[in-house]
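Here are a few exercises to work through with the model open in your viewer. Try each task before you read its solution.

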Amino acid sequence: MSKLTHHDLITLLLAISVMLIVSRIVAEAGKKIGLPMVMGELVVGIGLGPTIFGSIAPAAHEALFPLATNANVSLSLDAITSLSVIMLLFVTGLEVRLPLVLKQGKIAITTGLGGMILPFITGFAVAWLFPGLFASPASGARHTIFALFLGTALSISALPVIARILLDMNMLKNEIGMTVLAAAILNDLVGWIVFSFILSMAGQGGAAFSLNHTIFAIAAFASFMLVIGRFIINQILPWAQTSLSWPGGVLSFSLGLGLLCAAFTEAIHLHAILGAFIAGIAIGDSVHLREQAREIMHQFVTNFFAPLFFVSIGLKVNFLRHFDPTIVAIVLALAFLGKTAGAGLGARAGGMPWRQALTIGSGLNARGAMEIILGTLAFEAGIIQQPVLVALIVMALITSVTSAPMMRYFLRSPTAG
Amino acid sequence: MHDTPLKGRPPYPFGTIGVAVAFSPRLDDVLGEAKILAAACSAQLILIHIGPRTPRNETTLLERCNLLGIPSHSMRIIWEGGDPVPTLLDCCKQNGVDLLVLGALRRENVFRYYLGSVARGLSRAAKCSLLLLTEPNVSGTTFDKLVVCGDKNPKTIHTMNTAVYFGQLLGTKEISVVSEFDQPGLAMAMADHSTAGQASTTKSQMSSEAAATIHNMVCLCAPGSITISEKTIPGRPGYAIRQYAESCKADLLVINSPDSRYGLMDRIFPHDMEYILEDLPCSVLIVHSRVS
């Protein structure tokens with residue numbers, strides 16, 4: 001059995017501690033000027049990675065992050081970042097409360113659909129018609145997969161950053177805030193399921209399975225977990241919370257189930273993220289899950305796994321070398337126009353006045369961490385090249401930072417009404 | 001037959017009370033309850049049976065009414081055929097029924113719950129207020145303690161006033177107005193950005209806002225001799241108040257009618273009233289306030 005050597009272990013622990021400590025310091029500093037935590041974590045990744053640290057002090061960089069030369073450390077870090085992304089999807093699922101979509105009714109559905117359909121169509125069309133702009137193949141399955149991916153990447157929203165923006169603007173409980181949240185839930189649910197489908201199409205996880213098999217497997221797994229799985233969870237959770245150690249019992253059960261579902265979906269040639277995401281929905285929807293347990297899971301994942309994942313992106317990608325202003329400009333234009341207009345039109349169709357509808361569209365435009373996760377997974381699956389990943393990351397950060405000012409503008413603007 | 005449309009009419013007084021009559025072992029109990037309610041509200045009573053109008057059924061119903069002392073001049077009997085839920089709804093609409101009274105099991109079996117029982121089906125779609133009696137009694141249920149859902153909704157003030165009206169007529173001693181505090185996305189929003197102080201301040205601020213909302217509504221009520229208390233409880237709307245009503249042994253839970261017509265998806269992914277219909281904690285009054 002291959003084992004980490006004494007030196008490997010020290011290197012791995014040092015790398016993790018540097019990633020955690022430096023990202024926390026930078027993210028806290030960024031927070032003071034109103035930047036999202038994920039931006040600080042990405043900046044640290046860029047600083048510690050080949051873009052800056054690697055080019056200034058290559059020897060020191062290689063000693064701390066020997067990703068290219070030490071297979072053991074590289075594999076261990078890869079396992080940790082894979083676990084991180086699975087856990088991130090799991091806690092995202094915890095907040096996907098489908099009943100909220102039903103409760104908000106027509107407006108949530110029209111807004112959610114508008115916020116998905118227009119960005120998807122525009123993204124798909126541009127990627128399909130101009131693959132050369134993105135250095136993507138101009139024909140064959142890869143061409144289709146890339147077009148599908150870009151459409152999906154532009155249609156997704158980021159629940160965590162949206163919830164944070166609404167909280168800061170004291171809009172979490174009003175009609176606009178609830179509509180944005182419900183539509184974001186719908187966007188994320190559909191977006192991640194479609195993305196899992198794209199990843200399966202791209203041949204992730206082994207043998208290439210047929211389209212019908214993939215669609216059937218996703219539908220069957222999601223339906224089983226959201227109907228029968230939820231019923232079983234609702235029977236087990238009250239027992240786990242009262243009979244087992246608190247909060248250890250419920251945390252072990254929830255996280256264990258998330259990983260079990262992730263393993264299952266990976267085994268049936270869907271991506272592990274789908275299992276974790278759907279398990280998160282099934283657990284998070286339970287009325288028996290105490291708020292404290294939910295908070296602990298969020299804290300643990302957001303403050304341990306998330307920094308490791310986002311810093312690791314900067315370690316793998318040279319942002320300066322792969323920054324292509326044309327691709328960034330196209331992705332940004334598509335993202336802003338597609339999401340703001342699509343969700344805005346959807347909200348208007350749902351009966352919202354224009355000004356509020358555009359406020360909702362601006363709120364849903366924040367892509368945040370979810371877009372970065374999506375881009376990274378697509379990059380690792382070989383669907384996109386580094387310039388597109390960099391463009392998606394830049395877009396995620398800019399949309400997250402501009403979302404709140406845009407919402408304020410539309411709320412104040414008399415002409416938009 | 002009245003042609004008065006229900007739309008636009010205030011939820012109380014209950015001028016016309018309908019009773020969904022089923023020839024079950026609980027027939028006398030439901031009729032007894034309806035008689036007491038009609039007397040208390042000075043309401044006209046309409047007994048509605050959806051099913052075959054046979055001589056035997058007619059005789060049985062008249063006999064039961066006579067035995068219970070329901071005066072024939074203050075009640076009418078309507079016999080209709082067809083699907084019970086839409087037919088009952090139509091009857092209520094045609095006859096301007098303000099309150100429909102019916103017996104309901106605390107918990108339906110899974111099959112019946114998902115396919116829809118009459119009581120649950122009416123609760124999801126009725127255009128008038130509904131009183132679901134879980135343990136009807138021929139000599140009348142006591143409604144000493146009422147729990148009223150104080151959700152932030154334009155309908156709530158009407159629901160509270162209806163609860164007070166109902167309580168005053170039926171000798172209620174205590175009304176608890178309960179607001180459920182639940183914020184989807186809050187745990188996620190505060191996970192990485194908030195210090196311990198900010199997190200607790202945010203939560204207590206939200207809780208205080210919920211408490212202030214119900215306090216403002218309670219101030220608009222005139223409860224007379226009834227004691228009104230206010231409470232904010234954490235938890236999922238519908239589920240939390242169901243647990244609360246059960247734990248405080250409420251006699252009646254008073255809630256708003258749903259904002260939209262609930263369907264099968266609402267049963268699969270329950271929310272709000274659907275949690276209550278899953279497992280009735282006590283008798284339930286669903287107030288249809290008909291606000292535009």
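**Exercise 1. Find the strand order of the sheet in chain B, and work out which strands stand at its edges.**

Solution. This is a predicted model. Begin by tracing the sheet: chain B has 10 strands in an open sheet, ordered 3-2-1-4-5-10-9-6-7-8, with mixed pairing. Next, look at the ends of that order. Strand 3 (75-80) and strand 8 (227-234) of chain B each have a single partner strand, so one side of each is left without a neighbour in the sheet.

**Exercise 2. Describe how strand 6 of chain B is joined to strand 9 of chain B.**

Solution. Recall first that strands of a sheet pair through backbone hydrogen bonds, either parallel or antiparallel. Here strand 6 (residues 145-149) and strand 9 (residues 252-256) of chain B run parallel and are joined by 3 bridges. To locate the pairing, select L146(B), which stands opposite L252(B) in strand 9 of chain B.

**Exercise 3. Characterise the packing of helix 10 of chain A with helix 11 of chain A.**

Solution. Two packed helices are described by the angle between their axes and the distance between the axes. For helix 10 (residues 175-201) and helix 11 (residues 211-243) of chain A, the angle is about 145° and the axes are 10 Å apart. The crossing is right-handed.

Then list who makes the contact. Helix 10 of chain A supplies I193(A), S196(A), F197(A), S200(A) and M201(A), while helix 11 of chain A supplies L211(A), T214(A), I215(A) and I218(A). Sorted by class, this contact has 6 nonpolar, 3 polar and no charged residues.

**Exercise 4. Is T16(B) buried or exposed, and what is the case for E80(B)?**

Solution. Take T16(B), in strand 1 of chain B. Its relative accessibility is 9%, and the cut-off for buried is under 20%, so T16(B) counts as buried. Among the residues T16(B) touches are I46(B), V97(B) and L99(B).

Turn to E80(B), in strand 3 of chain B. With a relative accessible area of 33%, E80(B) is partly exposed. The contacts of E80(B) include H49(B), T87(B) and C91(B).

How values were computed: Residues are numbered from 1 along each chain as its sequence is written. Chains are lettered from A and ligands numbered from 1 in the order in which they are written. This is a predicted model: local features need pLDDT of at least 70, side-chain atom pairs count only at pLDDT 80 or more; totals for chains, interfaces and linings use all residues. Side-chain values use heavy atoms; hydrogens and water are left out. Two strands pair if DSSP finds at least two bridges between them. Helices (H or I, at least four residues) and strands (E, at least two) are DSSP runs, numbered from the N terminus. Axes are lines fitted to C-alpha atoms, for helices over the stretch in contact, and angles run from 0 to 180 degrees between N-to-C directions. A crossing is left-handed if the near helix is turned anticlockwise from the far one by less than a right angle, and right-handed if clockwise. Contact means heavy atoms within 4.5 Å. Ala, Val, Leu, Ile, Met, Phe, Trp, Tyr, Cys and Pro count as nonpolar, Asp, Glu, Lys and Arg as charged, and the others, Gly among them, as polar. Buried means under 20% relative accessible area, exposed over 50%, partly exposed in between (1.4 Å probe, protein chains only). Lists of a residue's contacts leave out its neighbours within four places in sequence.
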